[in-house]
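Subject: Structure handover

Hello,

Here is the structure I promised to pass on. Please take a look, then read the notes below.

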Amino acid sequence: MEVDHIERIADSGHPLEESNPKTLCADCHNEKTVAENSARDPVPNVTLTDYLDLES
């Protein structure tokens, strides 16, 4: 099982918000990620540290 963010971090989903993560099997997580990334703008090159610094 893998942790997935229901709302992508790139789409303003908070990585640590309790209601945002869910578990998916690796295959389902990969399929969801591919579908999300192909349907939207490319994922920005932002690390978790960068994201958390932006929140300050």
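Buried residues make up 18% of the 56 residues in the chain. Buried means under 20% relative accessible area, exposed means over 50%, and partly exposed lies in between (1.4 Å probe, protein chains only). This is a predicted model: local features need pLDDT of at least 70, side-chain atom pairs count only at pLDDT 80 or more, and totals for chains, interfaces and linings use all residues. Residues are numbered from 1 along each chain as its sequence is written, and side-chain values use heavy atoms, with hydrogens and water left out.

Overall layout. The chain has 2 helices and 2 strands. From the N terminus, the order is β-β-α-α. Both kinds of element are DSSP runs, numbered from the N terminus: helices are H or I with at least four residues, strands are E with at least two. The chain exposes about 4,300 Å². Carbon and sulfur atoms supply 53% of that area. The area comes from the Shrake-Rupley method with a 1.4 Å probe; for residues, only the protein chains shown count as cover.

Contacts. A contact means heavy atoms within 4.5 Å. Take the contacts in the chain with a separation of 6 or more: residues 24 or more positions apart account for 48% of them.

D4 sits in strand β1 (residues 2–5). D4 counts as buried because its relative accessibility is 3%. Setting aside neighbours within four places in sequence, D4 touches N20, P21, K22, L24, H29 and K32. With H29 there is also a polar contact, side chain to side chain, at 3.3 Å. (A polar contact is a pair of N or O atoms within 3.5 Å; within protein, one must be able to donate a hydrogen and the other to accept it, and residues adjacent in sequence count only if both atoms are side-chain atoms.)

D27 belongs to helix α1 (residues 26–39). Its relative accessible area is 58%, so D27 is exposed. D27 and E2 are 25 residues apart along the chain, and their C-alpha atoms are separated by 9.5 Å.

Cysteines. A disulfide is a covalent bond between the sulfur atoms of two cysteines. The rule used here asks for a pair of cysteine sulfur atoms within 2.5 Å. By this rule the count is 0. C25 is in no disulfide; its nearest cysteine sulfur is that of C28, 3.3 Å away. C28 is likewise in no disulfide. C25 counts as partly exposed because its relative accessibility is 32%. C28, at 40%, also counts as partly exposed.

Best wishes
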